[in-house]
Amino acid sequence: MPVEEFVAGWISGALGLVLGHPFDTVKLLGFFKGMSFPIASIAVVNSVLFGVYSNTLLVLTATSHQERRAQPPSYTHIFLAGCTGGFLQAYCLAPFDLIKVRLQNQTEPMAQPGSPQPQYRGPVHCAASIFREEGYRGLFRGAWALMLRDTPTMGIYFITYEGLCRQYTPEGQNPSSATVLVAGGFAGIASWVAATPLDVIKSRMQMDGLRRRVYQGVLDCMVSSVRQEGLGVFFRGVTINSARAFPVNAVTFLSYEYLLRWWG
Ligand SMILES: C[N+](C)(C)CCCC[C@H](N)C(=O)O
């Protein structure tokens, strides 16, 4: 199994994230809260995404990353490989994302003398408390919503990226840096616009259970959110998600492509 894609995914995910973190936190509260933890986790998750995507394409089309410019895979295969990568990365992402959401929604300062102790003192303490209070399954709270969010939208992510690259690149050639940046940026936006409704639901499920359980499941959370706040609830955060998605995914795809070309 080729592993370069996993390594390239690892590095490119970390680079993209550094850029996106302030956007990611501003939609909650508290600017640079918890920066080191997401860097480590997103690198692992991005590595699973790109590694699984590329290896699924290898199984489906019998072409390696290097051969795919000369023999481009069909959009159906790209979509299926993207969905597979999205599904598996969501599983790895679930506990990390839960911890991130819990920490970012915590409004008490992390460590200030005299102020009340926050519920979670940091990522490790947060994971341990969730495990203690809500069990192993507690660490996967909201995981279903996350898988529903990421499986189809990662298909959209890779389709948009490939589609735009092909549109602006002469046949058989590698896309230019500018093309990769723009295609990566728009892939991020397209995927996040499609993912935002389930992103809202996912975060609510992850915060549920802190004091008492409010929602019975993903569907119940959707129905009661729409009842209380109207359909607009599904678009909450779509602008900030898109503003963050462009630079993050432009850098992610650029570093991914260049690392693979460089090794390759
Ligand atoms: C599928 N979904 C839209 C959730 C994410 C797509 C882009 C993933 C990227 N690591 C980022 O954080 O932007």
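Ala 62 sits in the loop between α2 (36–61) and α3, where helices (H or I, at least four residues) are DSSP runs numbered from the N terminus. Its phi is near 55°, a positive value in a residue other than glycine. At 60% relative accessibility, Ala 62 counts as exposed; exposed means over 50% relative accessible area, buried under 20% and partly exposed in between, with a 1.4 Å probe and protein chains only.

This is a predicted model, in which local features need pLDDT of at least 70 and side-chain atom pairs count only at pLDDT 80 or more, while totals for chains, interfaces and linings use all residues. Residues are numbered from 1 along each chain as its sequence is written, and side-chain values use heavy atoms, with hydrogens and water left out.

- The kink in α4 is about 90° and is centred on Arg 132.

**How α4 sits against α3**

- The buried residues of α4 are Cys 126, Ser 129, Ile 130, Glu 134 and Gly 138.
- These buried residues pack against α3 (75–104), where contact means heavy atoms within 4.5 Å.
- Arg 137, also found in α4, counts as exposed at 74% relative accessibility.
- Arg 137 and Pro 95 are 42 residues apart in sequence, and their C-alpha atoms are 9.7 Å apart in space.

**Helices that pack on α8**

- Helix α5 (residues 143–167) packs with helix α8 (residues 238–263) at an angle of about 70°, their axes 13 Å apart; axes are lines fitted to C-alpha atoms, for helices over the stretch in contact, and angles run from 0 to 180 degrees between N-to-C directions.
- That makes α5 roughly perpendicular to α8, since angles of 65 to 115 degrees count as roughly perpendicular, under 35 as roughly parallel, over 145 as roughly antiparallel and the rest as oblique.
- Tyr 157, Phe 158 and Tyr 161 of α5 make this contact with Asn 249, Thr 252, Phe 253 and Glu 257 of α8.
- Helix α6 (residues 177–207) also packs with α8, at an angle of about 135° and with the axes 6 Å apart, so α6 and α8 are oblique to each other.

**Two buried residues to look for**

- Ala 8 lies in helix α1 (residues 4–26) and counts as buried, at 0% relative accessibility.
- Not counting residues up to four places away in sequence, Ala 8 touches Tyr 256, Leu 259, Leu 260 and Trp 263.
- The C-alpha atoms of Ala 8 and Phe 50 are separated by 7.9 Å, although the two residues are 42 residues apart along the chain.
- Ser 255 is found in α8 and is buried, with a relative accessible area of 12%.
- Leaving aside neighbours within four places in sequence, Ser 255 is in contact with Ser 12 and Leu 15.

Methods:
The bend at a residue is the angle between axes fitted to the seven residues ending there and the seven starting there.
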